[in-house]
Amino acid sequence: MADRLQSGTLLLFKTPVSYTAGWTFQSRLHQERLLNERPDTVIILEHDPVYTLGRSTRPNDRPSDERILRATGADVHVVNRGGSVTFHGPGQVVVYPILKTTAYAAGPRRLVWLLEEVIIRLLARWNIEGDRLARKPGVWVFSPCLAKIASIGVRIQRGVSLHGFALNVDMDLSPFGLIRPCGLADCRMTTMSRLVTTGLSVATVKRDLAELFGEVFGIEWTATMQVPGDHTGASDEISWFAASHA
């Protein structure tokens, strides 16, 4: 934790958000942060089903015919983050930090380490032991077998971060079966719900992540906004966000 707290804004979505809307939020916040029109901001949300293909995606990491992925009901997006292909869906909590990274990390590797630390501390609250693996960003569990529970893919653009991490809380893992998650052959995925017997709540995990993110990065949340749960379409979500920041 930093010696001197930074001020930050937390944007928490109660219900799943389309990837298109989520990217619109990120892009707008990134531009505003570059111009110093807002403080560092962290978005916490779930996505509607979507496959995202990062810059390291290789042909054999996914089906050659994109329609196979879309047949599951998921969208497909090529994105500019690091890493390979992954899946997002309801029950997986995604955290997007829009930060001026020099205040927290000397470079991308340190930023990834800090994001992993947030996840590891969160898992510990639920009596799950999360670990790092060398040269494999993300967080893994070793019991009852080696499996990945959280994925990380970030980009630092003009000194401000984009994208972030995804933690599998209580979700359907079957869509991962169509891809090589994170470009790793034989990568088994797991969820917190498979490792915790009772009391698991996605809403509670979101709140815990907000608290622990502030703790690890040394950020004091001076503004916290929860997006109402009655917006279901991307246009409605964007309209709400624009109106709330007018």
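This is a predicted model: local features need pLDDT of at least 70, side-chain atom pairs count only at pLDDT 80 or more; totals for chains, interfaces and linings use all residues.
## Rings, strands and one buried leucine

Biologist: OK, how do strand 3 and strand 4 pair, parallel or antiparallel?

Modeller: Parallel, over four bridges, with strand 3 covering residues 50–53.

Biologist: And what order do the strands of that sheet come in?

Modeller: The order is 4-3-5, in an open sheet of three strands with mixed pairing. Strand 4 (75–78) and strand 5 are the edge strands, each pairing on one side only. On average, neighbouring strands here are turned by 20° against each other, ignoring direction.

Biologist: Switching to aromatics. How many aromatic pairs turn up in the whole structure?

Modeller: A search of the whole structure gives six. One of them is phenylalanine 87 with phenylalanine 176, an edge-to-face pair with 5.7 Å between centres and 80° between the planes.

Biologist: Where do phenylalanine 87 and phenylalanine 176 sit?

Modeller: Phenylalanine 87 is in strand 5 (residues 85–88), while phenylalanine 176 is in the loop between strand 10 (160–168) and helix 4 (202–217), so the pair ties together parts 89 residues apart in sequence.

Biologist: Is phenylalanine 87 buried or exposed?

Modeller: Buried, at a relative accessible area of 5%. Phenylalanine 176 is buried too, with a value of 5%.

Biologist: What about tyrosine 104 and phenylalanine 217, why is that pair called edge-to-face?

Modeller: Their ring planes are at 65°, with the centres 5.7 Å apart, so the pair counts as edge-to-face; the cut-off for that label is over 60 degrees. This pair links distant parts of the chain, 113 residues apart: tyrosine 104 is in the loop between strand 6 (92–98) and helix 3 (108–125), and phenylalanine 217 is in helix 4. Both tyrosine 104 and phenylalanine 217 are buried.

Biologist: Which residues do ring pairs link into a cluster?

Modeller: Tyr104, Phe213, Phe217 and Trp221.

Biologist: You mentioned strand 6. How many of its residues are buried?

Modeller: Seven of the seven, so strand 6 is largely enclosed by the rest of the structure.

Biologist: And which way do the side chains point from strand 6?

Modeller: Gln92, Val94, Tyr96 and Ile98 go one way, and Val93, Val95 and Pro97 go the other, all of them buried. In a regular strand, side chains alternate between the two faces of the sheet.

Biologist: Which way does strand 2 run against strand 6, parallel or antiparallel?

Modeller: Antiparallel, with five bridges between strand 2 (residues 40–45) and strand 6. Isoleucine 43 stands opposite tyrosine 96 there. Strand 10 also runs antiparallel to strand 6, joined by four bridges, and valine 93 has leucine 167 in strand 10 as its bridge partner.

Biologist: Last topic, leucine 111. Where is it?

Modeller: Leucine 111 is in helix 3, and it is buried, with a relative accessible area of 3%.

Biologist: What is leucine 111 in contact with, leaving aside neighbours within four places in sequence?

Modeller: Thr101, Ala105, Val154, Ile156, Ser161 and Phe217. That last one is the ring paired with tyrosine 104.

Biologist: And how far is leucine 111 from valine 160, going by C-alpha atoms?

Modeller: The C-alpha atoms are separated by 11 Å, and the two residues are 49 residues apart along the chain.

Terms used:
Residues are numbered from 1 along each chain as its sequence is written. Side-chain values use heavy atoms; hydrogens and water are left out. Rings of Phe, Tyr and Trp (its six-membered ring) pair if their centres lie within 6.5 Å; planes under 30 degrees apart count as stacked, over 60 as edge-to-face and the rest as tilted. Helices (H or I, at least four residues) and strands (E, at least two) are DSSP runs, numbered from the N terminus. Buried means under 20% relative accessible area, exposed over 50%, partly exposed in between (1.4 Å probe, protein chains only). Two strands pair if DSSP finds at least two bridges between them. Contact means heavy atoms within 4.5 Å. Axes are lines fitted to C-alpha atoms, for helices over the stretch in contact, and angles run from 0 to 180 degrees between N-to-C directions.
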